[in-house]
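Hello,

Here is the structure I promised to pass on to you. Please open it and keep it beside you while you read my notes below.

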Amino acid sequence: MKKIKIMPSACIMLLAMILSDRAELILLYSLSAALHEFGHIAAAKILKIKITEIRFTYSGMRICTEEYMISYKKEIFFALSGPLANML
């Protein structure tokens, strides 16, 4: 079962961005971060890695998986999938 947690630090960071009166940057940052994390989530689905939790933090999102040890090839693919999604 997937859990989604929003950490208090994420709420504080979002509030600071909203108060900065830069709505276009908030939208751009949010879309970029969501696309990046979607790349990791898609890679997890392809590699059949079970996602147990998604955490929203002040610095972005963190994806927790059920598997602790995966092959280097899978780990490289999983790690690069986020930045590659942003390049599309």
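To start, a word you will need: a residue is called buried when its relative accessible area is under 20%, exposed when over 50%, and partly exposed in between, using a 1.4 Å probe and protein chains only. This is a predicted model, where local features need pLDDT of at least 70 and side-chain atom pairs count only at pLDDT 80 or more, while totals for chains, interfaces and linings use all residues. Residues are numbered from 1 along each chain as its sequence is written, and side-chain values use heavy atoms, with hydrogens and water left out.

**The overall picture**

The protein has 3 helices and 3 strands, in the order β-α-α-β-β-α along the sequence. Here helices (H or I, at least four residues) and strands (E, at least two) are DSSP runs, numbered from the N terminus. The C-alpha trace spans about 45 × 30 × 15 Å along its principal axes. Of the 88 residues, 24% count as buried. Taking a contact as heavy atoms within 4.5 Å, 62% of the contacts between residues at least 6 apart in sequence join residues at least 24 apart.

**The two cysteines**

A disulfide is a covalent bond between the sulfur atoms of two cysteines; in the search it is a pair of cysteine sulfur atoms within 2.5 Å. The whole structure holds 0 disulfides. Cys11 is partly exposed, because its relative accessible area is 45%, whereas Cys64 is buried, at 15%.

**Helix α2**

Among the buried residues of α2 are Ile26, Glu37, His40 and Leu47. The elements covering its buried residues include α1, β2, β3 and α3. After α2 comes Lys48, with a positive phi near 60°.

**Arg62**

Arg62 sits in strand β3 and is partly exposed, at 48% relative accessibility. Leaving aside residues up to four places away in sequence, Arg62 touches Glu53, Ile54 and Arg55.

On a 1 Å grid over the protein atoms alone, a pocket is an open set of points where a 1.4 Å probe fits, with protein on both sides within 12 Å along at least five of seven lines; lining residues have an atom within 4 Å of a point. Grid points are joined across faces, edges and corners, and a volume is the space filled by probe spheres set on the points.

The largest pocket has a volume of about 310 Å³. Of its 15 lining residues, Leu14, Tyr29, Ser30, Phe56 and Thr57 lie nearest its centre. The largest share of this lining, 5 residues, is from α1. Its lining has 12 nonpolar, 3 polar and no charged residues, where Ala, Val, Leu, Ile, Met, Phe, Trp, Tyr, Cys and Pro count as nonpolar, Asp, Glu, Lys and Arg as charged, and the others, Gly among them, as polar.

The second largest pocket has about 210 Å³ of space. Its lining includes Ile49, Glu67, Tyr72 and Phe78, and α3 gives the most to it, with 3 residues. By class, this lining has 7 nonpolar, 1 polar and 2 charged residues.

Enjoy exploring!
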